[in-house]
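Biologist: I have the sequence and the model open side by side. Could you walk me through how the descriptions follow from the numbers?

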Amino acid sequence: MILEEGRLCLISLLAGMQMMAVYDLLRIFRGLVSHRFWVIQAEDLLYWLTEGLMIFTLMLYVNSGILRWYSLAAMALGMMIWNGGISAFCVPGITRFFRWMKRRWKKLTSVFRQKLRKKIEKERKK
């Protein structure tokens, strides 16, 4: 009995970390692409609906559908651990890296576009 509760607690802790990892992907995406307020709200709604389904499925299969408060507390703790630890460093760093890549890509493509325009202008003059 105690081993099963410990197992549920550990699984819930890891599920909370997974939930924040998925939300971090959403944060990174938002850092790269500007969103209107209503789009952010829709993304959050979709995120919580899918995570709620994940929590329901977890409780159904791991704990026979019985909701335990310590399980929810373990999920919240897992979310806080992830958000305060890994997420605090990864999200800003990954977002900066992709923004840097985006700027480099724009610079690279602008050089090619300029060369292409010059070539097209030469062809038109002939």
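Biologist: How do you know that the span of helix H4 agrees with its number of residues?

Modeller: H4 covers residues 86–125, which is 40 residues. The expected span of a helix is 1.5 Å times one less than its number of residues, so H4 should reach 58 Å, and its end C-alpha atoms are 58 Å apart, which agrees. Helices here are DSSP runs of H or I with at least four residues, numbered from the N terminus. Please bear in mind that this is a predicted model, where local features need pLDDT of at least 70 and side-chain atom pairs count only at pLDDT 80 or more, while totals for chains, interfaces and linings use all residues. Residues are numbered from 1 along each chain as its sequence is written, and side-chain values use heavy atoms, leaving out hydrogens and water.

Biologist: Why are H3 and H4 called oblique to each other?

Modeller: Their axes, lines fitted to C-alpha atoms over the stretch in contact, cross at roughly 50 degrees and come within 3 Å. Angles under 35 degrees count as roughly parallel, over 145 as roughly antiparallel, 65 to 115 as roughly perpendicular and the rest as oblique, so H3 and H4 are oblique. Ile81, Trp82, Asn83 and Gly84 of H3 meet Ile86, Ser87 and Ala88 of H4; contact means heavy atoms within 4.5 Å.

Biologist: What makes Arg7 partly exposed?

Modeller: Buried means under 20% relative accessible area and exposed over 50%, with partly exposed in between (1.4 Å probe, protein chains only). Arg7 has 40%, so Arg7 is partly exposed. Arg7 sits in helix H1 (residues 2–32).

Biologist: Which residues of H2 are buried, and what covers them?

Modeller: Glu43, Asp44, Tyr47, Glu51, Ile55, Leu58 and Met59 are buried in H2, and their cover includes H1 and H3.

Biologist: What makes a set of residues a nonpolar core?

Modeller: The members are buried Ala, Val, Leu, Ile, Met, Phe, Trp, Tyr and Cys residues joined through side-chain atoms within 4.5 Å. The largest such core has 14 residues, of which Met19, Tyr47, Ile55, Leu58, Met59 and Met75 touch the most other members. H1, H2 and H3 each give two or more residues to this core, and H1 gives the most, with 7.

Biologist: What does Met59 touch beyond its neighbours within four places in sequence?

Modeller: Met59 is in contact with Leu8, Ser12, Ser64, Gly65, Ile66, Leu67, Ser71 and Met75.

Terms used:
Axes fitted to C-alpha atoms, helices over the stretch in contact; angles between N-to-C directions.
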